[in-house]
Amino acid sequence: MVNDEHVPALEPDDLGRLFVERLNAGDLEGLVALYEPDAVFAFPPGEQQVGREAIRAALGLILAARPQLAPGVPARALVQGDLALTSTRLESGAVTAEVARRQADGTWRWVLDQPAVA
């Protein structure tokens with residue numbers, strides 16, 4: 001179950017910032033709350049995790065290493081109606097790519113997440 005006490009993304013551009021904050025805080029449920037119930041998370045590289053339970057397991061493995069992620073440089077979201085493309089250039093030079101969807105309450109969640117495109 002997703003914890004509703006987490007601040008939601010009010011704009012698609014909020015998602016990347018919230019991801020970094022929650023990852024650095026070790027907040028697994030807060031991370032999972034950023035995804036739709038049937039979202040796809042491309043991690044580990046070459047694999048896809050579908051749905052919140054699979055995403056929770058993958059993110060749990062990431063958090064077990066206690067990483068600290070630098071914010072990177074986000075590109076402004078490209079929005080068309082209820083869909084948005086978000087991306088961030090990481091310190092490593094890799095680029096993330098995500099598709100977000102506006103929820104019925106006006107908040108945003110990721111539907112597709114490719115954490116490292118290049």
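Modeller: Start at Arg66, which lies in the loop between H3 and S3. Keep in mind that this is a predicted model.

Colleague: What is phi of Arg66 near?

Modeller: Phi of Arg66 is near 50°, a positive value in a residue other than glycine. Most residues other than glycine have a negative phi.

Colleague: Is Arg66 buried or exposed?

Modeller: Arg66 counts as exposed, because its relative accessibility is 72% and the cut-off for exposed is over 50%.

Colleague: Where is the cis peptide bond?

Modeller: The cis bond joins Phe43 and Pro44, with omega about -5°. Pro44 sits in the loop between S1 and S2.

Colleague: Now the sheet. What is the strand order?

Modeller: The order is S2-S1-S6-S5-S4-S3, in an open sheet of 6 strands with mixed pairing. S2 (49–50) and S3 (73–80) stand at the edges. Each has a single partner strand, so one side of each is left without a neighbour in the sheet.

Colleague: How do S1 and S2 pair?

Modeller: They pair in the antiparallel sense, over 2 bridges. Val40 has Val50 in S2 as its bridge partner.

Colleague: Which strands does H1 touch?

Modeller: H1 (residues 14–25) packs on the sheet and touches S1, S5 and S6. The direction of H1 makes about 75° with that of S6. H3 (residues 52–64) also packs on the sheet, touching S1, S2 and S6. The direction of H3 makes about 60° with that of S1.

Colleague: Stay with H1. Which residues are buried there?

Modeller: Asp14, Leu15, Leu18, Phe19, Val20, Arg22 and Leu23 are buried in H1. The buried residues of H1 pack against H2 (28–32), S1, H3, S5 and S6.

Colleague: What span should H1 have, and what does the model give?

Modeller: At 1.5 Å a residue, the 12 residues of H1 should span 16 Å. The end C-alpha atoms of H1 are 16 Å apart, which agrees. Gly26 follows H1, and its phi is positive, near 70°.

Colleague: Last one, Leu112. Where is Leu112 found, and what does it touch?

Modeller: Leu112 is in strand S6 (residues 108–114). Leaving out residues up to four places away in sequence, Leu112 touches Val40, Ala97, Glu98 and Val99.

Definitions and conventions:
Residues numbered from 1 in each chain as written. Predicted model: local features only at pLDDT ≥ 70, side-chain atom pairs only at ≥ 80, totals over all residues. Heavy atoms only, no water. Helix = DSSP H or I, 4+ residues; strand = E, 2+ residues; numbered from the N terminus. Contact = heavy atoms within 4.5 Å. Pairing = 2+ DSSP bridges. Axes fitted to C-alpha atoms, helices over the stretch in contact; angles between N-to-C directions. Expected span 1.5 Å × (residues − 1). Buried < 20%, exposed > 50% of the residue type's maximum accessible area, 1.4 Å probe, protein only.
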